[in-house]
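Welcome, and please get your viewer ready. We will go from one selection to the next and look at what is there.

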Amino acid sequence: MSKEQQAVEATYFSLIGNTCLAIIKGLAGFFGNSYALIADAIESTTDIFASFLVLFGIKYSNRPADENHPYGHGRAEPLITFLVVGFLITSATIIAYESIANIQQPHELPKSWTLFILGAIILWKEYSFQLVIKRSIETNSSSLKADAWHHRSDAITSVAAFIGITIALVLGKGYESADDWAALFASCFIFYNSYLIFRPALGEIMDEHLYDDLIEHIRVVASQVEGIIDTEKCFIRKSGMKYHVDLHAIVSAEISVKEGHQLAHILKDTLRKEIPELGHVLIHIEPDDE
């Protein structure tokens, strides 16, 4: 299975799961008098749209290079990540606003059976996070990583709701708003998590230096190519699921231009074979000074 297929499969998993959970949370929150669950349902609803965006981003960013996009369409993925973060911030804002409004208004205690619903949701969302984050690492997908953190933030909001409802039920009358305070806390966590998702995507767009481990791997592979004495500058920029590389390779000053050209091609082919996540590899040949 290709990386794109793995990412698409994980996104479909998120779509189906978020749709089912949004319905379950909404109904449980409405009939169980729990705004924390309704807030959870709001987030799951935004997660559905976010997952659609991720699916579109993964499919579009993996389109092959063309005349107008010689480096491919990979930069669409961090842009989609920004939109996903926008959905997260929007849902957190709605949850915070409604929580504050509900704290100021008296309402009934939530139903005890909502705790069983929340317990099952927490387990499912943590499982979903582990599955999707694993796929994001395997595919180098920033938008899939954002989708995974949607699952984790959903699990956290459910934990907050569980604690809030438990406090309200145990302490009884006068503590009905514990449920709403839990939802407010969850919104703060979502805001913080939005930044954690946004920051690496911004670094990707800005070609920030973030790939020391990959650079070291490239140097090790290059050193094993016969005729390559050493490597000098190595610049990497990420685009979608691929890494584009500019590498300066040092060769003997005594060889011909044709031999240097052939060495550059051998090095390029070796790097792309040994490190499949590499996209474009540009080799600049430098003569050995000694």
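From which domains does the lining of the second largest pocket draw at least three residues each? Select domain 1 (3-206) and domain 2 (212-286): each of them supplies at least three residues of that lining. The domain bounds come from an automatic or database domain assignment.

Before going on, a word on the model. It is a predicted one, in which local features need pLDDT of at least 70 and side-chain atom pairs count only at pLDDT 80 or more, while totals for chains, interfaces and linings use all residues. Residues are numbered from 1 along each chain as its sequence is written, and side-chain values use heavy atoms, with hydrogens and water left out.

**Stop 1: the second largest pocket**

This pocket holds about 290 Å³ of space. Select Arg-63, Tyr-71, Gly-72, Lys-242 and His-244, which are the closest to its centre among the 18 lining residues. A pocket here is an open set of points on a 1 Å grid over the protein atoms alone, where a 1.4 Å probe fits, with protein on both sides within 12 Å along at least five of seven lines; lining residues have an atom within 4 Å of a point. Points are joined across faces, edges and corners, and the volume is the space filled by probe spheres set on them.

Now colour β2 (242-251) and β3 (278-287), each of which supplies at least two lining residues. The largest share, 3 residues, comes from β3. Helices (H or I, at least four residues) and strands (E, at least two) are DSSP runs, numbered from the N terminus. By class, this lining has 5 nonpolar, 10 polar and 3 charged residues. Nonpolar covers Ala, Val, Leu, Ile, Met, Phe, Trp, Tyr, Cys and Pro; charged covers Asp, Glu, Lys and Arg; the others, Gly among them, are polar.

**Stop 2: the largest pocket**

Helices α4 (114-139), α5 (142-171) and α6 (178-205) each supply at least two residues of the lining, with α6 giving the most, 6 residues. The classes here are 11 nonpolar, 6 polar and 3 charged. Because domain 1 (3-206) and domain 2 (212-286) both give residues to the lining, this pocket lies between them.

**Stop 3**

Move to Asp-207, in the loop between α6 and α7 (212-223). Asp-207 is not a glycine, yet its phi is positive, about 55°. Its relative accessibility of 39% makes it partly exposed, a class that lies between buried (under 20% relative accessible area) and exposed (over 50%), with a 1.4 Å probe and protein chains only.

**Stop 4**

Finally, show Phe-13, Trp-124 and Tyr-127, which form one aromatic cluster. The structure holds 7 aromatic pairs. The ring centres of Phe-13 and Trp-124 are 5.5 Å apart with planes at 40°, so this pair is tilted. Phe-13 sits in helix α1 and Trp-124 in helix α4, 111 residues apart. For Phe-13 and Tyr-127, the centres are 6.3 Å apart and the planes at 75°, so the pair is edge-to-face. Rings of Phe, Tyr and Trp (its six-membered ring) pair if their centres lie within 6.5 Å; planes under 30 degrees apart are stacked, over 60 edge-to-face, and the rest tilted.
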